[in-house]
Amino acid sequence: MFNGCGPDKKEIAVLIYDMEDPFIKGVSDYIQDYDTKVYDIVYYDSQKSQIVQNKIAEELYEKGVDLLVINPVERLSSYVFVRKSLQEEIPIIFFNREPLKEDLEYFDDVYYVGTDARESGLMQAKLISEGLNNDTKNLGGFDKNGDQIIQCVILKGEQGHQDAEERTKSVIEGLEREGFKVEVLHTTVANWNETRAYRAMHEIMSEFGDDIELLISNNDAMAIGASKYLMDNGYFGVEVDGVVTDIPFRIVGIDGLEEAKLLTQKGYMYGTIINDGKSMAEAIMQLAEYVLENDDEKLQYDLVDNKYILISYKYHSNE
Ligand code: GAL
């Protein structure tokens with residue numbers, strides 16, 4: 001917890017589900033960059049525990065704050081906060097982990113800033129398809145067994161997380177829509193986590209190694225973990241002029257983490273879709289002003305149904 005309290009400033013409490021998640025840490029750093037002359041912004045790490053997060057929230061309701069910005073640990077538990085906030089008249093901006101619609105609608109002063117996860121899966125499919133030169137037959141030379149079907153493995157984020165479920169579905173749907181035939185050899189849940197993905201690759205490679213033509217990851221951290229496993233175990237060729245010469249198959253991620261962009265530049269990853277954490281933080285802070293000052297002049301994002309702000313994704317590839 002870190003802050004800079006002053007007597008007259010309004011207090012915003014930001015509850016993060018896990019400060020060790022690199023994408024979320026990025027969003028929280030961008031919020032911190034915000035000019036805080038007007039507000040005291042205090043951060044709390046829930047350390048991936050809903051119990052810890054509930055306890056933090058309980059203390060905050062007790063003490064009283066002006067606004068809660070919550071990245072819930074379990075999005076289906078958000079109703080507890082919504083009901084309490086209605087009682088205590090403390091507005092909430094949820095972000096990144098989406099509460100149920102009925103929970104958001106329970107109290108007017110509850111909002112959600114996130115993304116359209118389906119968009120990211122479809123964009124990932126487009127990135128893959130362009131990388132294969134839209135060549136549905138030979139897969140741009142990546143059809144190892146010549147069956148004109150993409151054999152792929154999926155690294156999935158947390159079960160039940162709207163982004164993991166939707167990305168997993170829509171990336172396949174997108175590829176099929178582009179005219180590709182896809183066979184999912186295997187899906188592993190690695191909870192958005194680099195180390196979990198690194199470890200999972202051991203089994204994946206021993207079971208499916210030679211058959212894999214594409215590795216689709218729901219986020220960059222897991223794609224990075226997989227790339228590192230393959231690097232450490234000699235699956236890549238040597239680097240020439242900073243670019244790897246031989247790859248076992250292509251790896252795509254989502255988030256646009258700096259490390260993923262670097263791996264993409266060097267050819268270890270094929271590309272990533274940028275999850276725009278900077279705009280997410282900006283939207284949260286503009287919405288905070290809208291909620292706290294009743295001032296919509298600075299709100300540059302569409303507030304859909306007076307509830308939702310959805311931030312668009314962008315492409316990043318090495319081409
Ligand atoms: C996703 C992001 C993941 C992870 C997750 C946490 O939007 O792509 O990397 O940060 O949110 O909820």
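Let's start with a pair of helices: H8 and helix H9 (residues 258-265) pack with their axes 9 Å apart, at an angle of about 45 degrees. Because of that angle, H8 is oblique to H9; angles under 35 degrees count as roughly parallel, over 145 as roughly antiparallel, 65 to 115 as roughly perpendicular, and the rest as oblique. Axes here are lines fitted to C-alpha atoms, for helices over the stretch in contact, and angles run from 0 to 180 degrees between N-to-C directions. Helices themselves are DSSP runs (H or I, at least four residues), numbered from the N terminus.

The model is predicted, with pLDDT of at least 70 needed for local features and 80 or more for side-chain atom pairs, while totals for chains, interfaces and linings use all residues. Residues are numbered from 1 along each chain as its sequence is written, and side-chain values use heavy atoms, leaving out hydrogens and water.

Back to our pair: H8 passes H9 in a left-handed crossing, meaning that the near helix is turned anticlockwise from the far one by less than a right angle, whereas clockwise would be right-handed. On the H8 side, the contact (heavy atoms within 4.5 Å) is made by Asp-220, Ile-224, Ser-227, Lys-228 and Met-231, and on the H9 side by Glu-259, Ala-260 and Leu-263. By class, this contact of H8 with H9 has four nonpolar, one polar and three charged residues. Here Ala, Val, Leu, Ile, Met, Phe, Trp, Tyr, Cys and Pro count as nonpolar, Asp, Glu, Lys and Arg as charged, and the others, Gly among them, as polar.

H8 (residues 220-232) also has H7 (residues 194-208) as a partner: their axes come within 7 Å and cross at roughly 50 degrees. That makes H7 oblique to H8, and the crossing of these two is right-handed. Among the residues that meet are Tyr-198 and Met-201 in H7, and Ile-224 and Tyr-229 in H8. The contact of H7 with H8 has 10 nonpolar, two polar and three charged residues.

Now find helix H1 (residues 22-33), which packs with helix H10 (residues 277-293) at an angle of about 50 degrees, their axes 8 Å apart. H1 is therefore oblique to H10, and H1 passes H10 in a right-handed crossing. Phe-23, Val-27, Tyr-30 and Ile-31 of H1 take part, with residues of H10 including Ile-284 and Met-285.

Finally, turn to the ligand. Of the 13 residues around the ligand (each with a heavy atom within 4 Å), Asn-96, His-161, Asp-163, Asn-219 and Asp-255 come nearest. An N or O atom in the side chain of Asn-219 is 2.8 Å from an oxygen atom of the ligand.

Definitions and conventions. A polar contact is a pair of N or O atoms within 3.5 Å; within protein, one must be able to donate a hydrogen and the other to accept it, and residues adjacent in sequence count only if both atoms are side-chain atoms.
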